[in-house]
Structure formats: structure tokens, C-alpha cells
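Please go through this protein model with me, one question at a time.

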Amino acid sequence: MSQKKSRSRGGGGAAAAGDDHEDLARPPPLQAVLLADSFTLKFRPITLERPKVLLPLVHMPMIEYTLTWLESAGVDEAFVFCCAHSNQVKEYLEKSGWAGRAGAGSMAVTAVESHDAISAGDALRVIFERGLIHGDFVLISGDTISNMSLKDALREHMDRKKKDPLAVMTMIIKHSKPSVLTHQTRLGTDEIVMAIDPETKELLYYEDRADNSNLYVTIDKDILSNNPTLQLHNDMEDCYIDICSPEVLSLFTDNFDYQHLRRHFVKGLLVDDIMGYKIYTHELRSGYAARIDNFRSYDTVSKDIIQRWTYPMVPDVISNRNCSESRLHRQAIYKASDVTLSHSAQIGANSVVGSATSIGDHCRILNSVIGEGCTIGKNVVINGSYVWDNVVIEDGCQVSNSLVSDGVHLRAGAIVEPGCVLSFNVEVGKNALVLAHSKVSLLPQPSNEDSDEELEYADTNSGVTDSPPFSSMRSNGDQATVPSEEDESGTSETGTCGVVGYIWTSGDAGILEEWRQSIAPISKEKLEELQHAVSENDGSEDESNNPTLPDKDDSSDSAVEDDDLISKFEKEVEETFQRAMGGGVNRDNLILEINGLRLAYSLQHADCAGAVFYSVMKSALQAAQSTNDSLLKTTAEALGKWKDLLRNYTKTVDEEMEILLKFEEMCQETTKEFSPLFSKILPFLYDTEVISEDAILRWAEEKEHADESDKVFVKQSEAFIQWLKEAEEEDDEEE
């Protein structure tokens, strides 16, 4: 069970009986509705056996993070709506201690069960019919991770309601620029187009299924005529955290066409000019919030948790009462105290190893999460993967960027290629090869998978497809294997060849589209293909489609906007770089992603140089201890490791100058820890050929007539600059 701390609600002792004035003054308890059913099929085949909210996310069920955050955010009472696998959800709430809690400082949690609901709209109609909500409430899905403060958003919502009773909903959104190549966010979700009133923050338009083949969106002319100013965004991410008035529930009850929260309800309210209800937005500027919508977002959020963006929702703070607590080590490595680890085994950065797990000789665990009670043999390589509990991986196996569920057994020499999902208790034979993006389950694939709003489980009428047994796949030796009679009867001896189980198909789109929402990084070939397509579009656009330059009179405003644009760009480059360090982006693909961001922001190559340099130096600072010697060492290691990446953006002296100017800015403003080390790091930049002699001498020359405050680092580096000048003179004399 999570370590849950009591919160002080404020106020004095118990109110005297009959003190009506105090009762009237006390605000109603803040309630929340948590949807424990996603009503989607994206996590099949796993969710045929376990509800999505109970799937482990860095050792903890997803719903544990959501409930812990709701309590910390001041929610007094939470109703957990469960439909698919409702018994498992209720059992978890009981065993974890959430259900039945009461008293000051505790959030009361009640399970609400219904087997008739097939959508979020149905769920909210059940909540309304049972009369559970008595005021404004938080609406959230049980697969949402956050550490944000709700105070400001709640205050804005309440203030708006006092002025305008038709303001029924506030959506939490945050900035997240989608890739210009994939039109997706880092969570693997499609870009959303929103139109927002810049003054009131009212949501005017919402489209989550934009046609990216066309470089425009169609907005009703009434929106434009009724709103003299609006901001059109494709750089906002929907956090799926909503603050709702009770009227929201009655609106769902009045309109049975409202099934999907966004596609039906939000869009329906935005075009309903009769009732006049309004939806507003609150942009999250500090804190973390993300919904796990698919396997890519599962991977992304897991890495964010490991890298502590979600603090205090991190492994060493919230832990399970039945196992040893995880301890944080250097390089974001978490290990339980009772892990058995061979001296020759290597645990790489950004990895988590659970309780009672043993790891054999010469194993390499890189950027991965290993669950509890796992047995890993010798010479095993696990990279960028998620291995859940009680998994057995024998000698010589390789697992890359895949998800391995509870109870899976990989026989010696088995290879699991990137993007695979192995459901519960699947057994992979000796030397078997599980092809990239395969989904394998002991359960056959239901045939009725044509809707994204069905329940997580298959009902008795769903039918079964003719999923082939896995033993028909090829083995590690590239030899085609034929199922024996025992294989066909489903009683083959696991481990002789192939796998006992069913291969799930990928639907109409086929395996070609698996890259969009897979745990595996997008391949270099796919990124190059997408970048080529973007380049062709850019070349064929009319001048009328290109952004216009601002007037001279607007130069001051545009300068502010440019600074804001640069800072957002640098932040996204840093996030992309962090994912590369954590294994979420292949290093070969990193340049392509950064170039895609540059195109999206319409910036120059030199801007990339400064942003990448900032990211590299920031990683060195995070890895260092509190001494200058330690910082100098980690900086040398980081620059040595990423010098080729930096060189890619320093093809000219101007681009090299951008790095020097960025380094000065960092030392003076954002990362002053580097300030006393400037003169020691500058020669290293020169030695690694990131910055040339010409750039350094030009930088020093341009500073000659500057103010004294701008000459600090030139004077600090005077000896090195003089050495470069003398070396240049000697070269001239020799010539």
C-alpha cells in the first residue's frame, strides 16, 4: 500500500452541535470521479486478463498514482467507477487500504460498479442516477499520472462559476509541441487542434482527429465572427483532468448520444448554441500531468517517473507494503535491498530492479524496469524493456524495447525483437525469435475489435479470430518451423520450437502503423521517410502559405515572442535529449527528431547548436556531485560522449559562436555552477573540435569593446586565448 500522509484540513476542533452558521460557511467536500475503465482496446491482449488501471507502472498499479495524487490535491471523496474486471479493481481497493477509509486527513474511496456501461458517457450517467455527486468534482481517468497543484485551477473554475453559471467545465492542458514529422506528441497521441480565447481562456474549438494530410483546419465562420481574437493551437496536450460542475452529469443524462468525453461531449457543447454552456481551459505551467493512452505513452511516462519529473510519485517515495522499498542510486538506478546481483552483471542508467529478483553473470540491464520475483540467467541483455513480476529469462536471451507480462518464461537463447508485447504466462521456446511488434497471448483474439469505445474485456458474443499459433513463426536460426500434431492440438511441449500462444493481428492498418504507438523507438528509416515527405511539402508550398514577417512597428512585441519561442524550443530539445539518454530515442534518430523540432518552430541551424549544447551541459550538471572537480569530470564525460552530436550543429563559425554565447548566458543566468569553470571547459571544447580556434578568437575580438561585465569570461580565459594567438602566429611564420 502506498505511504499516505495525513493532510491538515485547517480549522479548530469539532463544531458544536446546532452551529448552523459554521455548517453553512464550511465549503462542501471536494469530490472526484475516477474512471477505472478506459473503454478502449489499446492495451489488448493484456487487458483481457487484467484491467488497465491495475497494470504495473514502475512497480505500482497505475491507479495507485492517480489516487495518491487526488488525495494530495485535497480531494475528500473519490468514486471509482469500474466495469471491466470490476472484481479485481474492488479487491485491489480493499487490500491496498483505500476502500473504507474515513476520518480527518483521509480521502474516502468508494467503488461504483456497473456491467451495463460501454462508454465514459454511460459511466457518468450511472454516477448521476445514483446521486453521488453534490457539488463541483474532479473527473479523471485511472491511468493519469500527475503531481500538479489543483488550487489555482479550482479557484479559477469557482470564480468563473460565480460570474457565469454556464461555465460548467475547466480542462487542464499543457504545452507540448507535436513532432512535425509524425504529428504526434511524445506520448504517442495525435496532435490536437484547439482554438482558445486568449483573454478568458474559453475553449472555442477542439479537434482530436485533424487531417494531417491537409495543412489547414476548417473552423465555423460563426466562431470567427463572434470572437474578434482567438489563439489557434496545435501545441497543447490534453491532460484529461477536468473540473466539472454538477450540470455536466445532467447533460450526459439528457443526451444519450454523448458517449466519448471529448469526441462527443466536448465537441457537442462547443457547437450547441441553444443551451449556451461553456468550457474553459487552465494551462499547466508547473508540475506534471500525463495520461497513459497507449504503449508509447506507457514507455514515456515510465521514463519520466524514473527521471523524477513526477516527484513525489517516484519509486523510492511510494512503495508496496509487501516488498522491500526501492533505493535510489546514482544515474537514476533504483534497486530493492533484497536483489541478488552477480558481480559481473551491469545495471545501466534509468533502470529499476524489483524485490526478490536475481540477475546472473554478465547480464546487461539497460534503461529497463524489472519486476519482483524475476529470475534472469547468464549473458542476458535487456534494453529499453518492461519485465513484470515472476518472469523467468534463461541464459543468453535478448529482449529489446518490449513489454513482458507476469509469469512469462523465455527459454535459453530466445530473442524478443523491439515493440513486442508478451501477455501473461506466455512461454517462448529455446532459441525462438519473436518478430518485431508481435503481440502474443494464451487467449485467442476476439473478432469484434472495430470500435475504440468497447470494454476492455471480450464478452461472450465477441467471437474468436483464427489467430495462428506462434509455433508457426520462424526460429532464431531463421528456419521456418511447422507445427506438429501436438502443436495444433494446443498441447505442444513449450520450448522445443516457437511459442505456445496466439499471434494477434494489427487490424486493417497492419504492422506498418505499429511504430506510432509502440514501446520501440521509431526507426531511423521511418523518420527519414517522414522527413523527406515534410521537405517535399515545404518545397511545394506557395508563398501564401508561409508565415508573414512582422511589421517594423511590431519589432518589440515580436522580439518577446521570439524569446518565448526559443525557450520553448530549448525545453523540447532538452526533453528529447533526456529521452535519448534514457533510451527512449535511439541516438541515430536524435538528430532527425531535433531537426523536426527546428522545422516545427521555423528556427535556424544555429538555434539547434545552442539548444543541444544547453541539454548536454545540463545533463553533466545533474550527474555531478556538489564539488567543482566532480562537475568538471562529468562535463568532460558528457562532452566526450556527445561531441559528434554537437559537431553536427557546428558546421560554421557562426554556429560555434552560438555555443560560446549560450555558455556565457548559462554561466551568468541559468546554471551559474559552471561560472568558475568556464576557462577550464573552454579548452576541452576546443580539443574535442566542437569549437574551432577561429570561433574563440573571433569571440574574444568582439568582446574587446564591450562593457566590463561582458568581459568576465574572456578575462577568465585570457591565458588560453593568448596561447591560441601565439600558436596562430607560429603557424603563419612557418608558412
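The questions and answers below go from the whole chain to one side chain.

This is a predicted model, in which local features need pLDDT of at least 70 and side-chain atom pairs count only at pLDDT 80 or more, while totals for chains, interfaces and linings use all residues. Residues are numbered from 1 along each chain as its sequence is written, and side-chain values use heavy atoms, with hydrogens and water left out.

Student: What average pLDDT does the protein have?
Tutor: pLDDT is the predictor's confidence in each residue, from 0 to 100. In this protein, 75% of the residues score at least 70. The average is 77.

Student: How many contacts beyond four places in sequence does the model have for residues 540-562?
Tutor: A contact means heavy atoms within 4.5 Å. Where pLDDT is low, the predicted coordinates should not be read in detail. Over residues 540-562 the pLDDT stays under 50. The number of such contacts there is three.

Student: What share of the residues is buried?
Tutor: Buried means under 20% relative accessible area, with exposed over 50% and partly exposed in between (1.4 Å probe, protein chains only). The protein has 735 residues. The buried share is 52%.

Student: How many helices and strands make up the secondary structure?
Tutor: Both are DSSP runs numbered from the N terminus: helices are H or I with at least four residues, strands are E with at least two. The count is 21 helices and 36 strands.

Student: Which strands stand at the edges of the open sheet of seven strands?
Tutor: Two strands pair if DSSP finds at least two bridges between them. The sheet has mixed pairing and the order S5-S4-S1-S6-S12-S8-S13. Each edge strand has a single partner, so one side of each is left without a neighbour in the sheet. The edge strands are S5 (108-113) and S13 (278-284).

Student: Which residue in S4 stands opposite leucine 34?
Tutor: Strand S1 (residues 31-35) pairs with strand S4 (residues 77-82) in the parallel sense, over five bridges. The residue in S4 opposite leucine 34 is valine 80.

Student: At what angle does helix H3 run to S5?
Tutor: Axes are lines fitted to C-alpha atoms, for helices over the stretch in contact, and angles run from 0 to 180 degrees between N-to-C directions. Helix H3 (residues 86-95) lies across S4 and S5. Its angle to S5 is about 165°.

Student: Which residue in the turn between S9 and S10 has a positive phi?
Tutor: Strand S9 (residues 193-196) pairs with S10 in the antiparallel sense over four bridges, and methionine 194 stands opposite tyrosine 206 in S10. The two strands form a hairpin with six residues between them. The residue, with a phi of about 70°, is lysine 201.

Student: Why is strand S10 described as largely enclosed?
Tutor: S10 covers residues 203-207. It is largely enclosed by the rest of the structure because the buried residues number five of the five.

Student: How many residues of helix H4 are buried?
Tutor: Helix H4 (residues 120-129) is mostly covered. Its buried residues pack against S1, S4, S5, S6, helix H7 (247-254) and H8.

Student: Which side chain does that of arginine 125 meet in a polar contact?
Tutor: Arginine 125 lies in helix H4 and is buried, with a relative accessible area of 2%. A polar contact is a pair of N or O atoms within 3.5 Å; within protein, one must be able to donate a hydrogen and the other to accept it, and residues adjacent in sequence count only if both atoms are side-chain atoms. At 2.9 Å, the partner is the side chain of aspartate 122.
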